[in-house]
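Please keep the sequence and the model in view while reading.

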Amino acid sequence: MTTVLTYGTFDLFHIGHLRLIERLAGLGDRLVVGVSTDEFNAGKGKKSVVSYDDRAAIVGAIKGVDLVIPERSWDQKRADIVEHGVDLFVMGDDWAGKFDELSDVCEVRYLPRTSGVSSTEIKEMLRTLDPAHIEEMQAALGTLTRLLEHYRDLT
Ligand code: C2G
C-alpha cells in the first residue's frame with residue numbers, strides 16, 4: 001500500500017491540475033491532497049477566485065483522490081507525512097528542490113508541469129473582461145482617437 005501526498009491551491013481548476021492528479025493516482029494506492037485554505041493564501045498575499053470549501057470539494061470529487069486535507073501552513077508537511085503514513089511526496093516541477101528536506105521521512109519527487117495553462121493566466125484573461133478594465137481601455141481609445149484627429153488636422 002503506497003500512500004502519495006501533494007499540495008496545491010487548485011484555484012480555477014484546469015487541465016494542468018487534472019493531469020497532475022491523474023499521474024499521482026497512478027503512482028500509488030492512496031492519494032492524499034492538501035488544499036491551501038483561504039487564510040493560508042491570504043498570508044501568502046494570494047486571493048483565490050474559488051473558496052476553499054469549493055476547491056476542496058472539486059479536488060475531492062476527482063477520481064483517484066482518496067482524502068483532501070486543509071493546508072494551513074508551510075510547515076505542516078512533515079507532520080502530515082507521518083500522520084497519513086506517506087511514502088511518496090510529489091509536487092509539480094515549479095517547486096523543484098523546494099521540499100527536498102522532507103526526504104528523510106519519505107520519497108520526494110517533482111513531475112513536469114502541463115505547459116500552456118495556469119490559474120494565474122486564466123485570472124489575467126478574466127481581468128481583461130472586467131468592466132472597470134474595459135472602461136479604462138475605452139478611455140484610452142478615446143484619448144488616442146482625439147490625438148489622431150488632432151494630428152490629422154495638423155498635417
Ligand atoms: N500544475 C501543473 N501544471 C500546470 C499548473 C499547475 O502540473 N499547468 C501543478 C503544480 O505544479 C502544483 C499543482 O498543480 O504541483 C497545484 O498547482 P497550484 O494550484 O498552482 O498550487 P500552488 O500555488 O503551487 O500551491 O505548499 C505548496 C502549495 O500549496 C502549492
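Contact, as the word is used here, means heavy atoms within 4.5 Å. The model is a predicted one, in which local features need pLDDT of at least 70, side-chain atom pairs count only at pLDDT 80 or more, and totals for chains, interfaces and linings use all residues. Residues are numbered from 1 along each chain as its sequence is written, and side-chain values use heavy atoms, with hydrogens and water left out.

Helices (H or I, at least four residues) and strands (E, at least two) are DSSP runs, numbered from the N terminus. Two strands pair if DSSP finds at least two bridges between them. Strands of a sheet pair through backbone hydrogen bonds, either parallel or antiparallel. Here five strands make up an open sheet with parallel pairing, in the order S3-S2-S1-S4-S5. S3 and S5 are the edge strands, each pairing on one side only. From one strand to the next, the twist averages 25 degrees. Angles run from 0 to 180 degrees between N-to-C directions, and axes are lines fitted to C-alpha atoms, for helices over the stretch in contact. Helix H3 lies across S2 and S3 and runs at about 165 degrees to S2.

On one side, two bridges join S1 to S4, the two strands running parallel, and Val4 stands opposite Leu88 in S4. S4 is also joined to S5, again in parallel, by five bridges. In that pairing, Phe89 stands opposite Val108 in S5, and Val90 stands opposite Arg109 in S5.

The discussion now turns to the cores. A nonpolar core is a set of buried Ala, Val, Leu, Ile, Met, Phe, Trp, Tyr and Cys residues joined through side-chain atoms within 4.5 Å. The largest such core has 16 residues, of which Ile21, Leu24, Leu31, Val33, Val59 and Val65 touch the most other members. At least two residues of this core come from each of helix H1 (15-25), strand S2 (30-36), helix H3 (52-60) and strand S4 (88-92). Apart from this core lies another, of 12 residues, which includes Val32, Leu102, Cys106 and Val108.

At 13% relative accessibility, His17 counts as buried. Not counting residues up to four places away in sequence, His17 touches Phe10, Asp11, Leu12 and Ser119.

Aromatic rings form a further set of links. A pair of aromatic rings is described by the distance of the centres and the angle of the planes. Rings of Phe, Tyr and Trp (its six-membered ring) pair if their centres lie within 6.5 Å; planes under 30 degrees apart count as stacked, over 60 as edge-to-face and the rest as tilted. The whole structure holds six aromatic pairs. One of them is the tilted pair of Tyr7 and Phe89, at 5.9 Å centre to centre with 50 degrees between the planes. Because Tyr7 lies in strand S1 (residues 3-8) and Phe89 in strand S4, the pair ties together parts that are 82 residues apart in sequence. Tyr7 is buried at 4% relative accessibility, and Phe89 is buried at 0%.

Trp74 and Trp95 likewise form a tilted pair, 5.9 Å centre to centre and 50 degrees between the planes. Trp74 lies in the loop between strand S3 (67-71) and helix H4 (77-83), and Trp95 in the loop between S4 and strand S5 (107-111), so this pair ties together parts 21 residues apart in sequence. Trp74 is partly exposed at 43%, as is Trp95 at 28%. Ring pairs link Tyr7, Phe40, Trp74, Phe89, Trp95 and Phe99 into a cluster.

Methods
Buried < 20%, exposed > 50% of the residue type's maximum accessible area, 1.4 Å probe, protein only.
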